[in-house]
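Please keep the structure in view while reading.

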Amino acid sequence: MSDQTSYVPVSDRASSDFGGSLLNNAAPSSSSPFPTSSYTPNQRAALSGSSGFDFDRVKDFFSTTMGKIVGGVTSLTLLIVIIVASSGKGGGGGGSSDYWNNNPRGKMLAANCANMGDLLFGEPVHEFKGHYYQLVGDASSSITWMEAFHDSLHRCHNGHPGYMVAIQSKEENDFILQLIKNSHTYMQNLAGGDKWAWLGGMDMNTEGTFEWVTGSSKTDGLTFWEGGNPNNGGKAVGGTFNWFENPGNGYSKAFEPNSSGEEDCVAMRAGHQKTMGTSDGTWNDENCYHGKQFFVVEFDG
């Protein structure tokens with residue numbers, strides 16, 4: 001970490017730079033951007049300290065129409081910064097972006113994590129082959145991809161910033177699926193049908209070309225699918241992993257990603273029973289602004 005990177009208190013960062021979605025302590029509602037990972041009163045007191053920072057005033061502002069606009073714009077701006085930084089990366093060899101060291105906003109996030117160590121908001125962290133994973137949400141949540149993206153970057157584990165998961169193997173895919181099925185809330189809200197979890201893939205940069213947006217030097221900008229619908233020439237990128245539900249992965253009756261409407265973000269189907277359904281663990285492209293129950297945060301080891 002550069003000596004010139006100054007520490008920015010997480011309360012200031014969340015309020016002024018990222019729309020304050022972590023400050024919301026209200027009950028789940030359509031006006032609450034992501035209440036399930038908000039600060040507790042004790043966390044708010046500890047982070048406020050003697051700084052005089054007023055969480056409630058910030059929360060009240062972001063409940064207004066103007067506050068929602070500011071929050072949305074700042075989240076979208078951060079996403080665009082990462083996409084632009086990673087543009088031009090091909091598939092097969094891993095991304096070459098290093099958002100945490102080369103981008104001012106990324107440096108700030110990394111500096112905060114280096115100083116704070118852990119900022120996890122309660123959910124347990126699980127290790128798999130040297131990386132760490134956190135499942136966020138519950139069976140009754142409704143979380144958009146943008147909210148998940150925004151939230152992931154504000155989490156820290158062992159001094160490392162979080163990012164939305166970038167799955168690189170079938171073994172890792174199965175591990176993530178089991179995290180979801182083993183969630184203590186998984187069997188709740190059965191009337192809601194299949195459970196879903198957002199992943200870190202999307203095709204907002206180029207329609208039909210799916211890449212990981214993570215900030216990690218290993219996966220950021222890594223393209224894993226190109227050409228859109230497999231019925232129209234869409235195909236996996238050599239040397240990369242995907243588990244879209246289509247004939248190439250052994251699912252003869254589905255053709256994902258289908259790019260139906262505005263479906264730019266990747267989600268994993270997690271089924272609705274502890275036993276394995278035939279398509280559990282497969283990926284679909286979904287509308288980024290439709291709510292899902294879960295998302296998965298990944299941390300480097």
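In this predicted model, the buried residues of helix α7 are Trp145, Met146, Ala148, Phe149, His150, Asp151 and Ser152. Helix α7 spans residues 145-152, and seven of its eight residues are buried, so the helix is largely enclosed by the rest of the structure.

Helix α8 runs over residues 170-181 and has 12 residues. From its first C-alpha to its last it reaches 16 Å, close to the 16 Å expected at 1.5 Å a residue. Its buried residues are Glu172, Asn173, Phe175, Ile176, Leu177, Leu179, Ile180 and Lys181. What covers these buried residues includes the strands β1 (126-128), β2 (131-137), β5 (195-206), β9 (265-271), β10 (283-286) and β11 (294-299).

Side chains of opposite charge can pair when their charged atoms come close. How many salt bridges does a search of the whole structure find? The search finds nine, and the table lists some of them.

| Residues in the salt bridge | N to O distance |
|---|---|
| Lys170 and Asp174 | 2.8 Å |
| Glu226 and Lys235 | 3.3 Å |
| Lys292 and Glu286 | 3.1 Å |

Lys170 and Asp174 both lie in helix α8, four residues apart, which is about one turn of the helix. An α-helix has 3.6 residues a turn, so residues three or four places apart point the same way. Lys170 is partly exposed, at 33% relative accessible area, and Asp174 is partly exposed at 33%.

Glu226 counts as partly exposed, with 30% relative accessibility; Lys235 is partly exposed at 45%. Lys292 and Glu286 are both buried.

Terms used
Residues numbered from 1 in each chain as written. Predicted model: local features only at pLDDT ≥ 70, side-chain atom pairs only at ≥ 80, totals over all residues. Heavy atoms only, no water. Helix = DSSP H or I, 4+ residues; strand = E, 2+ residues; numbered from the N terminus. Expected span 1.5 Å × (residues − 1). Buried < 20%, exposed > 50% of the residue type's maximum accessible area, 1.4 Å probe, protein only. Contact = heavy atoms within 4.5 Å. Salt bridge = Lys/Arg side-chain N within 4 Å of Asp/Glu carboxyl O.
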